[in-house]
Amino acid sequence: MAVATPGPDERWRCRQCGNLTRFDVTRTTRATEFVHVDLAGDAVVESRDVLADSVEHVTCRWCGTVDAVEVVPRPAGSQAARRTSSGAAPGAASGVAE
Ligand SMILES: [Zn+2]
């Protein structure tokens with residue numbers, strides 16, 4: 001059973017404990033990658049084009065409940081209120097780390 005993934009204005013919330021920020025996500029992804037191999041043989045993925053992505057299970061890191069997440073709207077204005085005024089570090093506004 002696939003789990004619904006949040007859209008740009010949404011996020012997951014654990015129905016059991018209310019966790020909004022920590023999840024273990026098991027997903028199946030089909031992607032095409034541009035792999036750049038240097039002369040020593042070390043490979044680096046420089047770009048990744050996701051062709052299909054399906055979230056199979058989401059486990060709450062707080063209470064351990066599996067697939068008890070619901071998609072809820074993000075709080076209004078959270079993008080603007082996010083620590084952007086104090087010169088946030090690169091990547092801090094990506095919404096991944098909270
Ligand atoms: Zn939970």
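The structure is a predicted model, in which local features need pLDDT of at least 70, side-chain atom pairs count only at pLDDT 80 or more, and totals for chains, interfaces and linings use all residues. Residues are numbered from 1 along each chain as its sequence is written.

**Fold and confidence**

Let us start with the overall layout. The protein has 4 strands and 1 helix, arranged as β-β-β-β-α from the N terminus on. Helices (H or I, at least four residues) and strands (E, at least two) are DSSP runs, numbered from the N terminus. Of the contacts with a separation of 6 or more, 67% join residues 24 or more positions apart; a contact here is a pair of C-beta atoms, placed from the backbone, within 7 Å.

Confidence is expressed as pLDDT, the predictor's confidence in each residue, from 0 to 100. The mean for the protein is 85, and 77% of its residues reach 70 or more. Over residues 85-89 pLDDT stays under 50, and the model has 2 contacts beyond four places in sequence for them. Residues 91-98 also have a pLDDT below 50, with 6 contacts in the model beyond near neighbours in sequence. Where pLDDT is low, the predicted coordinates should not be read in detail.

**Core**

Buried residues make up 6% of the 98 residues. A residue is buried if 20 or more other C-beta atoms lie within 10 Å of its own, exposed if 12 or fewer, and partly exposed in between, with C-beta atoms placed from the backbone. The largest nonpolar core has 6 residues: Val3, Trp12, Cys14, Val58, Cys60 and Val69. Strand S1 (10-14) and strand S3 (43-60) are the elements that give two or more residues to this core. Such a core is a set of buried Ala, Val, Leu, Ile, Met, Phe, Trp, Tyr and Cys residues joined through C-beta atoms within 7 Å. Not counting residues up to four places away in sequence, Val3 touches Val55, His57, Val58, Asp67 and Val69.

| Residue | Other C-beta atoms within 10 Å |
|---|---|
| Pro6 | 16 C-beta neighbours |
| Asp67 | 15 C-beta atoms |

Pro6 sits in the segment before S1. Leaving out residues up to four places away in sequence, Pro6 touches Arg11, Trp12 and Val71. Pro6 and Glu70 are 64 residues apart in sequence, yet 9.0 Å apart in space, C-alpha to C-alpha.

Asp67 lies in the loop between S3 and strand S4 (69-73). Its phi is near 55 degrees, a positive value in a residue other than glycine. Most residues other than glycine have a negative phi.
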